[in-house]
Amino acid sequence: MDTLLLLNPVAFSIGALKVHWYGLILGAAALLGLLLVIREGKRYNIPQEVFMDMVLLGVPSAIIGARIYYVAFKWEDYKDNFWDVFKIWNGGIAIYGALIGAIICAVIFFRRKGYNFWRMADICAPGLIVGQMIGRWGNFVNQEAYGGPVEESFLRDKLHLPDFIVNQMNVEGVFHHPAFLYESVWSLAGLILLLILRRQKFLRSGELFMSYFIWYSIGRFFIEALRTDSLAFQAPEWVASFVNGLWSPMTALGFEQGYLDPAYGNVRISQLLALGIIVVAVVFIVVRRVTGKADARYSDPIISSRVTADDIEHTGTTSVEEVKGTTTPSPTQDESKQVEDKKE
């Protein structure tokens with residue numbers, strides 16, 4: 001049976017230029033994430049231009065980071081076809097690489113703007129998970145990032161998926177786990193969790209951002225093992241046994257790991273990285289709490305230590321004090337008279 005690809009990866013063409021659904025979906029993901037971040041930023045009187053500029057710089061940085069990460073682990077497939085490195089519309093980007101690229105860009109950008117990185121990262125966290133939730137549908141259109149083989153009845157009768165998803169999961173006559181959908185739904189649940197957490201009084205700076213990493217990494221650890229296209233490496237046998245042991249509860253739910261070529265590796269990189277991120281994030285929260293470094297709360301005002309002409313223009317203020325939210329009220333006539341009397 002031939003591959004059943006009901007969805008054309010090309011949305012439309014303008015002359016010789018082909019516009020792919022993959023790019024449009026990623027663009028929509030970035031836009032909706034930005035709108036969510038801007039809305040939250042208004043509560044702290046942060047100009048929306050700050051976040052818009054961040055996206056203009058962050059999205060290219062994320063794409064570059066994601067591609068470099070993927071190509072680095074797939075170099076054997078690209079070393080003889082170098083120009084294929086730039087064909088990102090065909091897929092082949094890694095989400096952790098995207099996060100690395102975006103975070104590096106954000107650290108530099110927010111520091112230049114005079115904002116505390118952790119405070120701004122907290123605001124951006126829900127926007128990031130929204131972008132991932134929507135962006136995974138780009139993998140769906142390209143028929144990539146799917147899981148191992150599964151019976152059609154599992155998709156239709158147990159998961160009750162609509163026809164357009166079931167049919168798209170038919171790759172060369174074999175139905176596969178819709179891993180993209182699992183991750184998208186997990187991200188939706190994570191978004192709800194983050195929106196609830198950020199209104200809690202106990203939350204300190206940096207903890208919402210770390211909560212995002214913890215939640216996403218837990219889901220990624222279990223979902224990644226279902227896939228058949230994972231980046232992997234050859235690790236000591238005890239590491240492979242440890243990772244498989246942590247994943248084993250999934251077998252009780254009727255899931256099986258996707259095939260991983262032993263010649264390519266025995267441990268999925270994303271799984272191991274997910275475990276490391278969870279540990280680091282938890283330690284980060286605990287250490288900052290114990291040492292007292294987590295003194296600022298999520299609900300505290302956010303103040304930029306640097307004011308530029310652009311900031312003044314965007315906020316409509318006329319002084320540094322106003323931008324920082326510490327404007328000194330002008331003296332009343334009576335107060336001015338008292339000052340004059342004292343001088344006399």
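This is a predicted model: local features need pLDDT of at least 70, side-chain atom pairs count only at pLDDT 80 or more; totals for chains, interfaces and linings use all residues.
Gln-271 counts as buried because its relative accessibility is 2%, and buried here means under 20% relative accessible area. Gln-271 is found in helix 12, which covers residues 269–291. Leaving aside residues up to four places away in sequence, Gln-271 touches Phe-221, Glu-224, Ala-225, Val-243 and Trp-247.

**The protein as a whole**

The secondary structure of the protein comes to 15 helices and six strands. Of the 344 residues in the protein, 46% are buried, and the accessible surface comes to about 18,800 Å², with 62% of that surface belonging to carbon and sulfur atoms. When contacts between residues at least 6 apart in sequence are considered, 78% of them join residues at least 24 apart.

**Helix 8 and its two partners**

Helix 8, residues 179–197, packs with helix 5, residues 117–141, and also with helix 9, residues 207–224. The geometry of each pair is set out below.

| Pair | Angle | Axis separation | Crossing |
|---|---|---|---|
| Helix 5 and helix 8 | about 165° | 9 Å | left-handed |
| Helix 8 and helix 9 | about 155° | 10 Å | right-handed |

Helix 5 and helix 8 pack at an angle of about 165°, and they are therefore roughly antiparallel to each other, since angles over 145 degrees count as such. On the helix 5 side, the residues that meet helix 8 are Ala-125, Pro-126, Ile-129, Val-130, Gln-132, Met-133, Arg-136, Trp-137, Asn-139 and Phe-140. On the helix 8 side of this contact stand Phe-180, Leu-181, Glu-183, Ser-184, Ser-187, Leu-188, Gly-190, Leu-191, Leu-194 and Leu-195. The residues of the contact of helix 5 with helix 8 divide into 13 nonpolar, five polar and two charged.

For helix 8 and helix 9, the packing angle is about 155°, which makes helix 8 roughly antiparallel to helix 9. Helix 8 contributes Ala-179, Tyr-182, Glu-183, Trp-186, Ser-187, Ala-189, Gly-190, Leu-193, Leu-194 and Leu-197 to this contact, where they meet Leu-208, Ser-211, Tyr-212, Trp-215, Tyr-216, Ile-218, Gly-219, Arg-220 and Ile-223 in helix 9. The residues of the contact of helix 8 with helix 9 divide into 13 nonpolar, four polar and two charged.

Some residues of helix 8 take part in both contacts, among them Glu-183, Ser-187, Gly-190 and Leu-194, which are found where helix 8 meets helix 5 and again where helix 8 meets helix 9.

Conventions:
Residues are numbered from 1 along each chain as its sequence is written. Side-chain values use heavy atoms; hydrogens and water are left out. Axes are lines fitted to C-alpha atoms, for helices over the stretch in contact, and angles run from 0 to 180 degrees between N-to-C directions. Helices (H or I, at least four residues) and strands (E, at least two) are DSSP runs, numbered from the N terminus. Angles under 35 degrees count as roughly parallel, over 145 as roughly antiparallel, 65 to 115 as roughly perpendicular and the rest as oblique. A crossing is left-handed if the near helix is turned anticlockwise from the far one by less than a right angle, and right-handed if clockwise. Contact means heavy atoms within 4.5 Å. Ala, Val, Leu, Ile, Met, Phe, Trp, Tyr, Cys and Pro count as nonpolar, Asp, Glu, Lys and Arg as charged, and the others, Gly among them, as polar. Buried means under 20% relative accessible area, exposed over 50%, partly exposed in between (1.4 Å probe, protein chains only). Accessible areas come from the Shrake-Rupley method with a 1.4 Å probe; for residues, only the protein chains shown count as cover.
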